[in-house]
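Hi everyone, thanks for coming. I'd like to walk you through one structure today, so please have a look at it on the screen before I start.

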Amino acid sequence: MTSSRFDLSGKVAIVTGGNGGIGLGMARGLADAGADIAVVGRNETKSAAAVADLRQRGVKAIAVSTDVTDMAAIAAMIDRVVKELGRIDILVNNAGMSIRKPPHELELDEWNKVIDTNLTSAFVCSKLAYPALKASGNGKVINIGSMMSIFGASFATAYAASKGGIVQYTRACANAWAPDNIQVNAILPGWIDTDLTRGARQQVSGLHERVLARTPAGRWGDIDDFAGIAVFLASPASNFVTGTAIPVDGGFSVMA
Ligand code: NDP
């Protein structure tokens, strides 16, 4: 009985940015729990590798090449997922990027790019997936925030604004869609070893050591650390959990 609360057999999940990093870690967890997966990203080589990985776990998986800053492309992606996989039960808004500059140096087009990729994409994907999520009868939306949803950083101008926005957007949607039995929650990752942070570590000397010292768990997070929280927030186990922002950070956000 207990395991059925976490069973995702027969469910279909969209994971934006599911072709690598944290998105792939979550997609693997959802697939291991039985969900069919649509991987959404731009890099077709990475997406093909992710789909092969997910299919090996015994589920259906498709890659839908999509730029999440393009509303028409998102609409086509949603249509294709419903046509090929039959339904949408779970939407993971994970695609994201950063441009590391202080506020006075950030250009307007750079600001717009980060906000469009990290925040507006979550709005558009959720809005367009809503009819299918409602039809599911137990829809789940998982939005990916950051420690920058809580803290500020001089280099994270638009990134922090986008990730703060993700939390408030999550709360608004949780209220709006509770009558439809759709739960909407956010995950706030700490410092995780992915392409995104590999780039940051190359640019910022001492970052690696500072993260180790500042994280009570004493290590960087791994993409596998996101499988369990994704399954919990995607499954009936979390049916009375909505509007939250759950840190998965090795204690980073509670260190004094
Ligand atoms: P990666 O760079 O490994 O993954 C980012 C993913 O987003 C890629 O799969 C990429 O796919 C996709 N993506 C980016 N832009 C677009 C776009 N315009 N259209 C479609 N897909 C896009 O980084 P992470 O795994 O680290 O990041 C995943 C999420 O986690 C992001 O929202 C990030 O902000 C957040 N996060 C990460 C932390 C960390 O320490 N790593 C900490 C806190 C939050 P493709 O290249 O194919 O387009």
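Let me begin with a term: when I say contact, I mean heavy atoms within 4.5 Å. What you see is a predicted model, where local features need pLDDT of at least 70, side-chain atom pairs count only at pLDDT 80 or more, and totals for chains, interfaces and linings use all residues. Residues are numbered from 1 along each chain as its sequence is written, and side-chain values use heavy atoms, with hydrogens and water left out.

First, the overall picture. The chain has eight helices and seven strands. Its C-alpha atoms fill a box of roughly 45 × 40 × 40 Å along the principal axes. For 256 residues, a compact globule would have a radius of gyration near 18 Å, and the chain agrees with that at 17 Å. That radius is taken over C-alpha atoms, and the globule rule is 2.2 Å times the number of residues to the power 0.38.

How much of the chain counts as buried? The share is 51% of the 256 residues, where buried means under 20% relative accessible area, exposed over 50%, and partly exposed in between, with a 1.4 Å probe and protein chains only. Taking contacts between residues at least 6 apart in sequence, 72% join residues at least 24 apart.

Now to helix 8, residues 227–234. Its buried residues include Ile229, Val231 and Leu233.

Next, helix pairs. Two packed helices are described by the angle between their axes and the distance between the axes. The axes are lines fitted to C-alpha atoms, for helices over the stretch in contact, and angles run from 0 to 180 degrees between N-to-C directions.

Helix 3 (residues 71–85) packs with helix 4 (residues 108–136) at about 30°, with axes 10 Å apart. The two helices are therefore roughly parallel; the cut-offs are under 35 degrees for roughly parallel, over 145 for roughly antiparallel, 65 to 115 for roughly perpendicular, and oblique for the rest. On the helix 3 side, the contact includes Met71, Ile74 and Ile78, and on the helix 4 side Val124, Leu128 and Ala132 are among the partners. By class, this contact has 11 nonpolar, no polar and one charged residues. Here Ala, Val, Leu, Ile, Met, Phe, Trp, Tyr, Cys and Pro count as nonpolar, Asp, Glu, Lys and Arg as charged, and the others, Gly among them, as polar.

Helix 4 also packs with helix 5 (residues 157–177), at about 15° and with axes 8 Å apart. That makes this pair roughly parallel too. The residues divide into 13 nonpolar, five polar and two charged.

Staying in helix 5, we find Val167. Val167 is buried, at 9% relative accessible area. Beyond neighbours within four places in sequence, Val167 touches Ser149, Leu188 and Ala245.

Finally, Asn181 sits in the loop between helix 5 and strand 6. Asn181 has a positive phi of about 60° although it is not a glycine, and at 30% relative accessibility it counts as partly exposed.

Terms used. Helices (H or I, at least four residues) and strands (E, at least two) are DSSP runs, numbered from the N terminus.
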